[in-house]
Amino acid sequence: MSGFLLNRLVQSIVLLVIVSIIGFTVLNLMPGGPLAQFGLDPGMSQQDVQRLTAQLGLDRPLWIQYLDWAWRLVRGDWGHSFRDGSSVLAVIGRHLLATLLLMGTSTALAIAAGTWIGIRGATHRYSLFDYCATVGAMVALSVPTFWFGLIGIYIFTLKLGWVPAGNMYTIGDGSVPDYLHHLILPSLVLSLVHVAIWSRYMRTATLDALSQDFVKTARAKGVSERRILLKHVVGNALLPMITLAGMQLPSILTGALVTETVFTWPGMGRLFLDSLGYSDYPVVMGLLIFSAMLVLLGNLIADIVIATVDPRIRLA
Amino acid sequence: MTTIVAHAAPTRWWHSRAVNRFMRHHLALLGIAMITLLVLACAIGPYALPYDSLHIDLRARFAPPLAGNHYLGTDPLGRDLAVRLLMAGRVSLAVGFSAMLLSTLIGTLVGVTAGYRGGWIGAALMRTVDGFLSYPSIFLVLALAATLRPNPVMITVIIAVTSWMETARIVEAEVRSLREREFVQAARMVGLSRAHIMFREILPNAMGPIIVAASLAVARAILLEAYISFLGYGIQPPLPSWGNMLNGAQQYLASAPWLAIIPGAAITIAVTSFNFIGDGLRDALDVRNDNF
């Protein structure tokens with residue numbers, strides 16, 4: 001187990017280095033480099049820009065700049081926001097919880113619905129339900145998340161008046177039911193795509209498990225179909241889903257960014273867009289790296305969990 | 001001998017098993033039909049409609065669909081929505097299609113090189129693929145689009161350089177399995193150059209998965225363009241795209257819901273069609289994929 005863990009940890013660190021190189025390249029692709037926003041400032045003379053360039057060490061070779069930047073990342077010095085001067089990590093920290101709440105809720109919804117649809121599709125293969133689920137999943141994968149959000153607001157807020165159109169809580173209220181009330185629509189919207197992906201994978205995994213020898217053995221012993229499904233099939237089918245949950249993280253984050261914009265949800269996605277609007281590059285860069293680190297961490301956790309429950313993997 | 005060859009039934013590509021299987025895939029045929037209709041409408045439609053996509057008519061602001069000659073209504077500036085939708089379709093479909101071509105090209109080059117060369121070159125390339133895949137694509141696309149000049153060509157390039165990784169992975173796996181096959185060993189023994197073996201001998205045998213990935217890549221590219229244009233960092237007005245038509249539609253959701261509903265429906269139809277086609281191609285070309 002520890003060998004597997006160590007191996008996996010080293011892989012993650014290598015990947016983290018590659019991710020940081022990509023991020024650094026993006027930063028330097030910006031025209032004019034990290035000082036681009038000063039180019040338009042009439043109060044900045046050419047000398048000022050040159051002085052700043054030397055001061056920030058931007059005239060050094062790129063690889064030294066990279067090492068310097070990466071070392072500061074490791075030490076937790078992610079720079080300061082251009083907007084209010086607070087540290088980038090603190091700014092991200094203020095918005096992290098809202099995003100995790102939205103992502104967590106919608107993932108839980110997607111797993112519950114997707115698992116059920118997938119299993120039912122596999123046990124009732126080629127039925128009307130299975131057919132509708134297959135076509136429905138493909139359509140759901142094709143609907144732009146923001147459009148689904150707009151339609152949701154139109155129907156459930158403007159026409160029916162059931163849920164609020166946005167924000168995380170009502171100002172002056174902020175009780176738990178109020179939070180939940182605000183959470184319903186955005187998390188449903190965000191979960192749609194993932195219900196589709198999850199149910200398709202779950203269907204394949206269930207079919208796979210159903211064709212295994214241990215299912216035949218159980219049937220031969222006279223175990224009821226229901227018991228076979230619950231005791232033997234579902235557990236085995238859910239195993240690969242743990243890896244899938246890790247793999248889906250980037251697309252959940254992408255969806256969260258769009259959903260947060262439509263529902264004015266005060267999370268990382270909104271922060272990212274606001275910072276882009278203000279040309280607040282330290283925060284933009286910080287979020288870019290942070291989101292990739294979150295994805296790597298998620299994959300690492302998924303691998304550890306699956307190795308804990310499935311001895312075949314950690315012993316292989 | 002010659003007579004036998006002459007009389008042998010010619011096997012044309014449209015008699016092949018793959019085409020046969022594709023034709024039995026109803027959803028894929030539906031997808032092809034819808035895309036054909038959409039492309040024709042976008043190509044011809046704007047000439048048939050009596051309005052220009054940039055013509056502003058403030059007296060006709062917020063006309064609902066089917067009001068007068070505005071079949072799909074008008075926007076806050078009184079521009080005809082139908083003609084704008086079709087002009088936007090040209091941009092969105094062109095961006096989606098070109099981004100697919102470019103990303104498939106990059107992905108194939110990387111995948112073939114990594115798969116055939118293997119060793120540290122292959123490892124480095126594939127870890128780069130993993131690195132790119134660790135980023136939520138929209139964060140990367142937005143950061144690039146916000147700083148580089150957002151014209152349609154640049155948007156296409158940005159989408160392509162952030163979505164070639166899936167193709168690279170598929171091609172790499174395929175090429176790695178083909179590398180040790182007899183025909184490749186034969187080619188090596190004959191002394192063919194590495195580039196010739198990679199691209200003339202191996203690549204044609206990996207075309208099935210590439211085509212499937214490409215059809216799904218169009219769908220993804222159209223969606224990605226819609227996302228960033230909706231957020232204001234993609235195609236810039238006055239040039240319409242399906243995504244930027246939705247930018248600002250939210251504030252008129254109560255008074256003019258068609259502004260949000262119609263362009264979104266167009267995106268959904270186009271993306272669904274390409275996904276259907278991709279699904280049909282996967283069945284027809286017998287590409288094993290764990291996704292579905």
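This is a predicted model: local features need pLDDT of at least 70, side-chain atom pairs count only at pLDDT 80 or more; totals for chains, interfaces and linings use all residues.
In chain A, among contacts with a separation of 6 or more, 71% are between residues 24 or more positions apart.

Now the two chains in turn. Chain A has 316 residues, and 37% of them count as buried. Its secondary structure is 13 helices and 0 strands. Along the principal axes, the C-alpha atoms of chain A fill a box of roughly 85 × 55 × 35 Å.

Chain B has 292 residues, and buried residues make up 48% of them. Chain B also comes out as 13 helices and 0 strands. The C-alpha trace of chain B spans about 75 × 50 × 30 Å along its principal axes.

Next, the place where the chains meet.

Please keep H1, H10, H11 and H12 of chain A in mind for the next part, which is about helix H6 of chain B. This helix covers residues 137-147. Is H6(B) enclosed or open? 11 of its 11 residues are buried, so H6(B) is largely enclosed by the rest of the structure. The buried residues run from B:Ser137 through to B:Thr147, and among them are B:Phe139, B:Val141 and B:Leu142. What do they pack against? From chain A there are H1, H10, H11 and H12, and from chain B there are helix H7 (152-161) and helix H11 (207-230).

B:Val141 touches B:Ile158, B:Ile159, B:Thr162, B:Leu224 and B:Ile228, leaving out residues up to four places away in sequence. B:Val141 also turns up in the largest nonpolar core, which has 158 residues. Which members of that core touch the most other members? They are A:Leu287, A:Leu288, B:Phe139, B:Val141, B:Leu142 and B:Tyr227. As you can see from the names, that list includes residues from chain A and from chain B.

Now two pairs of packed helices. Such a pair is described by the angle between the axes and the distance between the axes.

H10(A) and H12(A) have axes 9 Å apart and pack at an angle of about 140°. An angle over 145 would count as roughly antiparallel, and H10(A) and H12(A) are therefore oblique to each other. The crossing of H10(A) past H12(A) is right-handed. On the H10(A) side, the residues that meet the partner are A:Leu249, A:Pro250 and A:Leu253, and on the H12(A) side they are A:Ser291, A:Leu294, A:Val295 and A:Gly298. By class that contact divides into 5 nonpolar, 2 polar and no charged residues.

The second pair is in chain B. Helix H3 (residues 26-48) and helix H4 (residues 81-117) have axes that come within 8 Å and cross at roughly 125°. H3(B) and H4(B) are therefore oblique to each other. H3(B) passes H4(B) in a left-handed crossing. From H3(B) the contact includes B:Leu38, B:Val39 and B:Cys42, and from H4(B) it includes B:Leu86, B:Met87 and B:Arg90. That contact has 9 nonpolar, 2 polar and 1 charged residues.

A:Ile119 lies in helix H4 (residues 88-123) of chain A. Is A:Ile119 buried or exposed? There are 24 other C-beta atoms within 10 Å, and the cut-off for buried is 20 or more, so A:Ile119 is buried. A:Ile119 touches A:Met202, A:Thr206 and A:Val234, again not counting residues up to four places away in sequence. By contrast, take A:Asn7: A:Ile119 and A:Asn7 are 112 residues apart in sequence and 34 Å apart in space, C-alpha to C-alpha.

Key. Residues are numbered from 1 along each chain as its sequence is written. Chains are lettered from A and ligands numbered from 1 in the order in which they are written. Axes are lines fitted to C-alpha atoms, for helices over the stretch in contact, and angles run from 0 to 180 degrees between N-to-C directions. Helices (H or I, at least four residues) and strands (E, at least two) are DSSP runs, numbered from the N terminus. Angles under 35 degrees count as roughly parallel, over 145 as roughly antiparallel, 65 to 115 as roughly perpendicular and the rest as oblique. A crossing is left-handed if the near helix is turned anticlockwise from the far one by less than a right angle, and right-handed if clockwise. Two residues are in contact if their C-beta atoms, placed from the backbone, lie within 7 Å. Ala, Val, Leu, Ile, Met, Phe, Trp, Tyr, Cys and Pro count as nonpolar, Asp, Glu, Lys and Arg as charged, and the others, Gly among them, as polar. A residue is buried if 20 or more other C-beta atoms lie within 10 Å of its own, exposed if 12 or fewer, and partly exposed in between; C-beta atoms are placed from the backbone. A nonpolar core is a set of buried Ala, Val, Leu, Ile, Met, Phe, Trp, Tyr and Cys residues joined through C-beta atoms within 7 Å.
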